[in-house]
Amino acid sequence: MRARSVVTGIGVVAPNGADLEDYWAATLSGRSGIAPMTRPAASSYPLRLAGEVPAFAAEDHVPGRIAVQTDRWTHLGLAASAMALADADADPVAFPEYDMAVVTASSSGGTEFGQREIQKLWSRGPRSVGAYQSIAWFYAASTGQTSIRYGMRGPCRVLATEQTGGIEALAEARRILRGGARLVLAGGTDASLCPYGIVAQFTNGQISRATVPEQAYLPFDRRADGYVPGEGGAMMVLEDLDEARRRGVTDVYGEIVGYGATFDPPPDSRRPPNLRRAIQVAFDDAGLTAGDIDVVFADAHGTPSADRLEAETLVSLFGERSVPVTAPKTMTGRLYAGGAALDVATALLSLRDQTIPPTVGIHRPAFASALDLVVDQARPATLRTALVVARGHGGFNAALIVRLILD
């Protein structure tokens with residue numbers, strides 16, 4: 001029989017909550033972490049607002065000898081990983097080293113660390129560049145550092161698919177469990193709010209230039225003019241259900257039952273985007289239909305054309321206003337590699353507490369007749385199955401279905 005991949009632990013580091021329950025309480029109450037940027041030199045760039053993780057100090061979560069070798073993005077990932085393992089009550093020492101694996105998502109890599117070293121190169125010459133530049137910026141650094149820290153020597157991988165990366169990492173973790181691993185630490189984080197990262201992100205032309213947080217990131221709203229970037233994400237412990245029960249786990253967050261991914265054709269090809277197909281593949285993988293889905297966690301890009309495409313896709317699959325749709329990322333910004341992982345974590349918390357978190361700031365809905373968008377306040381609901389949708393810049397589409405364990 002195939003392994004049943006369940007989530008037994010979650011770690012979250014987000015702009016509106018630096019641990020799991022703080023994040024969840026803030027999300028249910030509609031408290032946003034989007035605010036004016038505080039990073040040095042931010043006033044010199046067109047980005048004024050971001051979802052920064054407040055008061056995060058690497059020394060509180062990462063050994064000093066590792067902190068100096070790594071970027072903030074990896075610090076956030078290591079912190080979330082430690083929280084996830086503690087939440088799962090999973091001590092890596094108790095597992096055979098080759099039965100544990102790590103899969104992370106990465107979008108921009110270690111841009112902040114890289115910028116510091118490039119500045120040294122320009123201002124003081126090559127002998128001033130630290131040796132750790134060769135590894136800290138690398139997109140697989142979080143996977144490697146996590147694997148080393150916990151002695152996880154099974155299959156260790158990284159997925160680089162921008163905003164869909166968190167879903168891809170969890171799907172890869174499920175494949176690894178089906179291959180015989182006992183525990184996989186998977187998810188994604190990002191942290192690219194340094195000047196170098198900001199300039200790179202602005203090249204897509206899709207970031208909001210709003211200066212007031214309440215007017216900045218408004219997906220599915222008539223005022224939508226782009227998204228707000230953020231940092232943070234989530235890491236999760238995945239195990240086979242039977243293996244987890246054998247080690248004494250009595251409560252799990254939910255099971256990953258369906259996954260689909262597609263890639264869009266070139267914009268000038270006149271061929272339609274493939275978001276709908278990704279969701280349908282996830283339905284087929286799970287053996288479910290649209291009628292089995294109790295809530296949708298939308299990608300919610302925040303640009304009018306992308307929002308319209310997603311709304312039309314959901315209506316084509318579910319019908320008009322037939323399933324609740326939410327986008328709690330309106331309280332964090334889009335977290336790139338961390339975004340979909342955080343959405344999956346949020347969906348699992350929704351299943352646990354039978355509550356749909358709100359989408360905030362939407363006062364002039366653009367698709368009110370099409371989408372049953374949960375706005376302003378959390379909505380109690382009977383929930384068993386959730387669909388999480390993600391799209392990444394460049395044409396990536398992904399969908400993941402999670403379900404409560406009722407047997």
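How many aromatic pairs does a search of the whole structure find? Six.

First, the ground rules. This is a predicted model, so local features need pLDDT of at least 70, side-chain atom pairs count only at pLDDT 80 or more, and totals for chains, interfaces and linings use all residues. Residues are numbered from 1 along each chain as its sequence is written, and side-chain values use heavy atoms, with hydrogens and water left out.

Now the whole chain. Its secondary structure comes to 12 helices and 15 strands. Helices (H or I, at least four residues) and strands (E, at least two) are DSSP runs, numbered from the N terminus. The radius of gyration is 20 Å, close to the 22 Å that the globule rule gives for 407 residues, so the chain is as compact as a globular protein of that length. That radius is taken over C-alpha atoms, and the globule rule is 2.2 Å times the number of residues to the power 0.38. Along the principal axes, the C-alpha atoms fill a box of roughly 60 × 55 × 45 Å.

What share of the residues is buried? Of the 407 residues, 60%. Buried means under 20% relative accessible area, exposed means over 50%, and partly exposed is in between (1.4 Å probe, protein chains only). The accessible surface comes to about 16100 Å². Carbon and sulfur atoms hold 51% of that surface. These areas come from the Shrake-Rupley method with a 1.4 Å probe; for residues, only the protein chains shown count as cover.

Next, contacts. Contact means heavy atoms within 4.5 Å. Take the contacts with a separation of 6 or more: residues 24 or more positions apart account for 79% of them.

Charges, quickly. The chain has 38 positive and 44 negative side chains. Lys and Arg count as positive, Asp and Glu as negative; His and the chain ends are not counted. The centres of the two sets lie 4 Å apart. For each charge, the place is NZ of Lys, CZ of Arg, CG of Asp or CD of Glu.

Back to the rings. A pair of aromatic rings is described by the distance of the centres and the angle of the planes. Rings of Phe, Tyr and Trp (its six-membered ring) pair if their centres lie within 6.5 Å. Planes under 30 degrees apart count as stacked, over 60 as edge-to-face, and the rest as tilted. Of the six pairs found, one is Phe-283 with Phe-318. Their centres are 6.0 Å apart, with 90 degrees between the planes, which is edge-to-face. This pair links distant parts of the chain. Phe-283 sits in helix H10 (residues 275–286), Phe-318 in helix H11 (residues 304–318), and 35 residues separate them. Both are buried. Elsewhere, Trp-137, Phe-138 and Tyr-139 form one aromatic cluster.

Now a glycine. Gly-166 is in helix H7 (residues 165–178). Is Gly-166 buried or exposed? Buried, at 0% relative accessibility. Leaving out residues up to four places away in sequence, Gly-166 touches Ala-105, Ala-337, Ala-340 and Ala-341. Look at Ala-340: 174 residues from Gly-166 in sequence, yet 4.8 Å away in space, C-alpha to C-alpha.

Two residues have a positive phi without being glycine. Phe-220 has a phi of about 65 degrees. Phe-220 lies in the loop between helix H8 (195–202) and strand E7 (232–240), and is buried, with a relative accessible area of 2%. For Asp-376, phi is about 70 degrees. Asp-376 is in the loop between strand E12 (372–373) and strand E13 (379–380). At 44% relative accessibility, Asp-376 is partly exposed.

Asp-225 is partly exposed, at 42%. Leu-20 is 205 residues from Asp-225 in sequence and 30 Å away, C-alpha to C-alpha.

Last stop: Asp-89. Where is Asp-89 found? In the loop between helix H3 (72–88) and strand E4 (100–105). Asp-89 is exposed, at 65% relative accessibility. Leu-28 is 61 residues from Asp-89 along the chain, and their C-alpha atoms are separated by 25 Å.
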